[in-house]
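Here's a quick look at a ligand site and a pocket. Have the model open while you read.

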Amino acid sequence: MAKIVGLAGSLRRESFNTKLLRAATELVPAGTSIEVATIEGIPLYNEDVEAEQGFPAPVTKLKEQIVAADGLLLVTPEYNNSVPGVFKNAIDWLSRPAKDIPRVFGDKPVTIIGATPGPGGTRLSQAAWLPILRLLGTRLWSGKQLYVASAGQAFDAEGKLTDEKVKKVLTDLLSGFAKFVDQSSR
Ligand SMILES: Cc1cc2nc3c(=O)[nH]c(=O)nc-3n(C[C@H](O)[C@H](O)[C@H](O)COP(=O)(O)O)c2cc1C
């Protein structure tokens, strides 16, 4: 069975992006699974810490989850028209040491989705990820796009995705990405 690691870029308990990731685990097609990973516990990147103390346990854990997965699903919030610092910080840790980048990210099938209460649906944040993912040598899949705007209306009080249009796009997107992951891992 193909395995995708899903990573939401928010630490907020009620994060719309974490809720969107949870919805994705339920809508992914049979034959593919999504393992929910976390950026929780990853400290601010500091090269002194890396040199003197090595890699924090949450970084090593996340890195090995990505290495073991066939694909990576990034679920990104948008801060100030770009990638949130906490999310970028996690990827910065994962990109160290630089010689490890091909093992972790090289040719890794990746796709991006995101949610915001705002009107733009994280378009700018998703676009801001592109040069980062390119630098890391990932294999970006852009067959479908999902920009969840007005996220407050897309989930119910229990955090379940209830917006039927979003569910349909997410289901189709996951189906396309799963096929891409499957082809890439052969
Ligand atoms: C510092 C900051 C900047 C933000 N900038 C944007 C933005 O540029 N575009 C946007 O759509 N939402 C922006 N927001 C609102 C976030 O989309 C909102 O807080 C969202 O709930 C964050 O994602 P989460 O629910 O997964 O934590 C910003 C929020 C914060 C705290």
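## Around the ligand

This is a predicted model. Start with the ligand: its surroundings are made up of Ser10, Arg12, Ser15, Phe16, Asn17, Pro77, Glu78, Tyr79, Asn80, Asn81, Thr116 and Pro117. Sort that shell by class and you get 4 nonpolar, 6 polar and 2 charged residues.

## Polar contacts and burial

Which residues reach the ligand's oxygen atoms? Ser15 is one of them, with a side-chain N or O atom 2.6 Å from a ligand oxygen. Ser10 also takes part through its side chain, placing a polar atom 2.7 Å from an oxygen atom of the ligand. Asn81 uses its backbone instead: an N or O atom there sits 2.7 Å from a ligand oxygen. As for cover, the ligand on its own would expose 620 Å², and the protein buries 70% of that.

## The largest pocket

Now over to the largest pocket, which holds about 160 Å³ of space. Its lining consists of Thr111, Ile112, Arg123, Gln126, Ala127, Leu130, Leu140, Trp141, Ser142, Lys144, Gln145 and Tyr147. Two elements give two or more residues each to that lining: strand 4 (109-115) and helix 6 (123-135). Helix 6 supplies the largest share, with 4 residues.

Notes. Residues are numbered from 1 along each chain as its sequence is written. This is a predicted model: local features need pLDDT of at least 70, side-chain atom pairs count only at pLDDT 80 or more; totals for chains, interfaces and linings use all residues. Side-chain values use heavy atoms; hydrogens and water are left out. A residue is near a molecule or strand if one of its heavy atoms lies within 4 Å of it. A polar contact is a pair of N or O atoms within 3.5 Å; within protein, one must be able to donate a hydrogen and the other to accept it, and residues adjacent in sequence count only if both atoms are side-chain atoms. Accessible areas come from the Shrake-Rupley method with a 1.4 Å probe; for residues, only the protein chains shown count as cover. Ala, Val, Leu, Ile, Met, Phe, Trp, Tyr, Cys and Pro count as nonpolar, Asp, Glu, Lys and Arg as charged, and the others, Gly among them, as polar. On a 1 Å grid over the protein atoms alone, a cavity is a set of points where a 1.4 Å probe fits but cannot get out, and a pocket is an open set with protein on both sides within 12 Å along at least five of seven lines; lining residues have an atom within 4 Å of a point. Grid points are joined across faces, edges and corners, and a volume is the space filled by probe spheres set on the points.
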